[in-house]
Amino acid sequence: MAEATGTAGTAGTAAATAGPAETRPAREFTDPEAPRAHGRVLEGLRGYGLIVAMWIRSTMTYRTSFVLSTVGNAAITLLDFVAISIMFSHVDVLGGFTLPEIALLYGSCSASLGLADLLLGNTDRIGARIRDGSLDTMLVRPVPLLAQVAADRFALRRLGRVVQGLGVLGWALWSLEVDWTAGKVLLVPVMVLSGAAIFAAVMVAGAAFQFVAGDAAEVQNSFTYGGCTMLQYPPTVFATELLRGVTFIVPLAFVNWLPALYLLGRPDPLGLPGWAAFLSPLVAFVVFVPASLAWRAGVRSYRSTGS
Amino acid sequence: MVDDDALISLDGVEKVFDVRRRVSLMRREKRQVRAVDGISFAVARGEMVGYIGPNGAGKSTTIKMLTGILNPSGGRLRVAGIDPARERVRLAHRIGVVFGQRTTLWWDLPLKDSYGLMRRMYRVPRARFEENLERCVDRLDLAELLDVPVRQLSLGQRMRGDIAAALLHDPDVLYLDEPTIGLDVVSKAKVRGFLRQLNEERGTTVLLTTHDLQDIEQLCERVMVIDHGRLMYDGALGGLHAAGSAGESERTLVVDLERELAPISVPGARVVKVEGPRQWLAFPAGQSAAPLVSAVAAEYPLVDLSVREPDIEDVIARMYAGRD
């Protein structure tokens, strides 16, 4: 069948060129071959970049508002950490963790979530796009839909959270007396980036779910923002069932708990071996598989609006 | 009947939606709605076709399947040799789409910025882009609007801007969904003139849905009428009029009264609809509305009135009436 279509396509083009040459120019700039898998990813990234640039320019037309909201964003997330610090003025340890140790957890997950949120945080808006039908206009553009949805309303002000998270993380690493090895040094950036990738996968899965469940943005937020709130505290304060759930089902424990425990030389409450800390990139990769399958299924089931 | 030489071909295309309706607090009923129920047609390169029908007839659903937005539930569909739902991104390079109710332009940025994005997104070579843009700007009167943020454009200006945006990558097919909806007379004329020229000079195939009979009269030699998901008529516009002329064409006088009244009685017209203080009176299209207006004003507390020309719905409605 693919063969038949190919021939039909060529016949169509031949018919086109048979017409008056001036009025019907040859179309040398469209790729006649279907893009390959890696080609699709590159196309997606390129499209993503183009759309992000447009949103940044759009935001810059309201410069004052941009500056204020960036500062506000950083301040609000910082207040989170201030709250934790105040708690530590009354207690010295929480679940066996000191303030710098908690700061390590807080900073790393805040940076990871901030990064995921910056790069594709608006995927949760897809529910609104589906309801008002504006997803239709995205579907007729030559850019993979996921790239367009991820870039939708890209907001540079979200950089505030990333900067704040990295700041707290830096302070934690500076105050802690970590027994540095090459592995541990490498683990810090790996932790932040894999954590961001895991959150990103959760966001994609959440967006896919919205094709079925209308407005389910809150479900997604409970895993991302809610998950991050949980990850700010040491795993030792939570029940074992919850720990199992976030290790083996929605593997949020790999965002920062397991790597951080390894950095601190502490044992995992579930008894996972130390090298599990290095599994985060692999876990991130693995969770993208169901997330992208869900996304495809979601797009295929898209029903659009009445008119 | 599959005609792959045609630019657009549909063979027994169906779209079925599952509709879940809550019957009581606990119980839900699942029902299937056949929005498009076995449609077959072919459009040759360079044709300009009107696709019309009442609301909910399946027009938009068909267009959405042709653009790859929706997956057909059954049948075979090809546009420029491409299966739209399967290769949506590749198809996007070959088609232009204008949704009358929705803009693809960047709200806060000057119009020309949106065009720059189109150039990059569709990888249009710069020389070709400049040439296409210049032509659109010239013929759609956009020169003074290029530096204006889209949010400041009027509806008609934005529609012209959207049409230009859909054509910068030289699509083979242009789909227009209600391109003149809400536009003033001048804008409508401008849009129609441009589309006619586009079709004549560049051979772009155009498929448009509309509620405006004049769009069809001035643009399309071929009309397809769809209702309840089925193709009811496919042919020249003249034939549609003939099919619909079983009853004489009628105009409608819409009167707003001071208060709700029983259907009023005026010689030479009959009340076809009552909604609160507003009543619709049908009268033969060839007859003047003036005596009717004075008759109503003399006998009833009249607040406001307007006259509606026969539209596509009427023509189609009479087409069915003539058939029964």
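On a 1 Å grid over the protein atoms alone, a cavity is a set of points where a 1.4 Å probe fits but cannot get out, and its lining residues have an atom within 4 Å of a point. Grid points are joined across faces, edges and corners, and a volume is the space filled by probe spheres set on the points. By this rule, four cavities of 30 Å³ or more are found. The model is predicted, with local features needing pLDDT of at least 70 and side-chain atom pairs counting only at pLDDT 80 or more, while totals for chains, interfaces and linings use all residues. Residues are numbered from 1 along each chain as its sequence is written, chains are lettered from A in the order in which they are written, and side-chain values use heavy atoms, with hydrogens and water left out.

The largest cavity holds about 110 Å³ of space. It is lined by 13 residues, of which V97(B), T104(B), M118(B), Y122(B) and A166(B) are the closest to its centre. Helices (H or I, at least four residues) and strands (E, at least two) are taken as DSSP runs, numbered from the N terminus. Two or more lining residues come from each of β5 (95–99) and α5 (155–165) of chain B, and β5(B) gives the most, with three. The lining comprises seven nonpolar, four polar and two charged residues; here Ala, Val, Leu, Ile, Met, Phe, Trp, Tyr, Cys and Pro count as nonpolar, Asp, Glu, Lys and Arg as charged, and the others, Gly among them, as polar.

Chain A supplies the lining of the second largest cavity, with P235(A), W257(A), D268(A) and L270(A) among the residues. About 60 Å³ of space lies in this second cavity. Both α11 (240–249) and α12 (257–264) of chain A give two or more residues to its lining, with α12(A) giving the most, at three. Eight of the lining residues are nonpolar, one is polar and one is charged.

Attention now turns to the packing of side chains. A nonpolar core is a set of buried Ala, Val, Leu, Ile, Met, Phe, Trp, Tyr and Cys residues joined through side-chain atoms within 4.5 Å, where buried means under 20% relative accessible area (1.4 Å probe, protein chains only). The largest such core has 155 residues, and W295(A), I8(B), Y115(B) and Y175(B) touch the most other members. Helix α9 (residues 182–212) of chain A gives the most to this core, with 13 residues. Contact is taken as heavy atoms within 4.5 Å. Beyond four places in sequence, Y115(B) touches residues including F129(B), L142(B), G161(B) and L168(B).

In chain B, strand β12 (residues 278–284) is largely enclosed by the rest of the structure, because five of its seven residues are buried. Strands pair if DSSP finds at least two bridges between them. Seven bridges link β12(B) in the antiparallel sense to β10 (residues 250–257) of chain B, with R251(B) opposite F283(B). Strand β11 (residues 270–275) of chain B also runs antiparallel to β12(B), over five bridges, one of which pairs E275(B) with R278(B). These two strands, β11(B) and β12(B), form a hairpin with two residues between them, and G276(B) in the turn has a positive phi of about 60°.

Back in chain A, V178(A) lies in the loop between α8 (159–175) and α9. V178(A) counts as buried because its relative accessibility is 13%. The C-alpha atoms of V178(A) and G265(A) are 8.3 Å apart, although 87 residues separate the two in sequence.

Methods:
On a 1 Å grid over the protein atoms alone, a cavity is a set of points where a 1.4 Å probe fits but cannot get out, and a pocket is an open set with protein on both sides within 12 Å along at least five of seven lines; lining residues have an atom within 4 Å of a point. Buried means under 20% relative accessible area, exposed over 50%, partly exposed in between (1.4 Å probe, protein chains only).
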